[in-house]
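The sequence and the structure come first.

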Amino acid sequence: MRYLSPARLAAVGLFLVGLAALVLWLAPADGYDVLLVDPAHPVAPLVHLPKEKAAPGGGAIYFVDVRERPARLLERIFPWARADGSSLVPSPPTSRAVERTIGRVDMTDSQRAAAIVALRSLGYSVQWRFGGVTVLQVDASAPAAKVLEPGDVIVGAAGRTVSGIDELRRILAGREPGDPVAIRFRRGGATRTATVRTVPAPDNPKRAIIGISAEEQVQVRLPFRVRIDAGGIGGPSAGLAFALDILQESGRDVAHGRKIAATGALAPNGAVGEIGGVKQKTLGARRAGVDVFLVPAGDNATEARRYADGLRIIAVKNFPQALRALATIG
């Protein structure tokens, strides 16, 4: 009977509970990811200009990022097992390798846009144009999946130059689903040609598409080199912060002595677009002790205010508005 003593039963029960918790922690929660808070980081160490000079008012620009990893089964079942401020979200429909490629493309585009917008704001003449269509994803069921990869840049179709998405759509408008179309695309440093068969559009079976999601690639000629070492950071959301820091490191007083965090997808025309992970980014700005957090106007700003807890949130639609807001925050 001594083997059934309460102490032994309690010890066995604790062991089994711990073993179950360990199994649930090690087991993946297929189809789910966890978004984790990452404290905001100064942008200055990432941005390098030929002639940097300190802004008279001091202060600094910060960017915010979100760390994402596969969720564990324990986190899927028990919310208390997740890290403070984290969120459980469905995994992307594409592979992680594809997501990383998309993130790198978006980051490169955000760096180009930041340089364009910032240097124009400083009075420099900056020439830019769309130089093709960058492939972000390829429908695995489309014939194009055997030819194209994320990161490829389509520069021609049917013997015509493709500088943007509208040109590609106009070319395909003259085709029917199932028709072949010759394309020319860049991969790495080489230009290749191939023929792909079009497929019906999901929203219109009579409209021909090649089965990709894409964005326009920006080609730019800058008056001097702007180098941004983003490391492993991906996505477009640091564009606004990059542009603000370029001005700050050029000697223009943007921060006005404050710690300014910013997030927003920046377009070459200065428009600030929405981003994801606003909850984690707001908490990351708070953890870094910043004074002001600039976010895209609309739903992003509404969500940021929900988690601000005293952090000043400024909603912006474009880069000039961001500069005006920072100059008048008092």
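## Basis and terms

A salt bridge is a side-chain nitrogen of Lys or Arg within 4 Å of a carboxyl oxygen of Asp or Glu. The model is predicted, with local features needing pLDDT of at least 70 and side-chain atom pairs counting only at pLDDT 80 or more, while totals for chains, interfaces and linings use all residues. Residues are numbered from 1 along each chain as its sequence is written, and side-chain values use heavy atoms, with hydrogens and water left out.

## Salt bridges

Side chains of opposite charge can pair when their charged atoms come close. The salt-bridge count is 9. One of them joins R207 to D203, at 3.0 Å from N to O. Relative accessibility is classed as buried (under 20%), exposed (over 50%) or partly exposed (in between), with a 1.4 Å probe and protein chains only. R207 has 37% and counts as partly exposed, whereas D203 has 60% and counts as exposed.

A salt bridge also forms between R287 and D84, with an N to O distance of 3.6 Å. Because R287 belongs to helix 6 (residues 278-287) and D84 to the loop between helix 2 (73-77) and strand 4 (87-90), this pair ties together parts 203 residues apart in sequence. Helices (H or I, at least four residues) and strands (E, at least two) are DSSP runs, numbered from the N terminus. R287 is partly exposed at 46% relative accessibility, and D84 is exposed at 65%.

## A buried pair and its network

D152 and R187 meet through their side chains in a salt bridge of 2.8 Å, N to O. D152 sits in the loop between strand 5 (127-138) and strand 6 (153-157) and R187 in strand 8 (residues 180-187), so the pair ties together parts 35 residues apart in sequence. D152 is buried, at 2% relative accessibility; R187 is buried as well, at 19%. E149 joins D152 and R187 in a network of salt bridges.

## Enclosed space

A cavity is a set of points, on a 1 Å grid over the protein atoms alone, where a 1.4 Å probe fits but cannot get out; lining residues have an atom within 4 Å of a point. Grid points are joined across faces, edges and corners, and a volume is the space filled by probe spheres set on the points. The structure has 1 cavity of 30 Å³ or more, and the largest cavity has a volume of about 30 Å³.

The lining of the largest cavity consists of V64, D65, M107, I233, G234, G235, P236, S237 and A238. By class, 5 of these residues are nonpolar, 3 polar and 1 charged. Here Ala, Val, Leu, Ile, Met, Phe, Trp, Tyr, Cys and Pro count as nonpolar, Asp, Glu, Lys and Arg as charged, and the others, Gly among them, as polar.

Key
1 Å grid on protein atoms, 1.4 Å probe; cavity = no way out; pocket = protein on both sides within 12 Å on 5 of 7 lines; lining within 4 Å.
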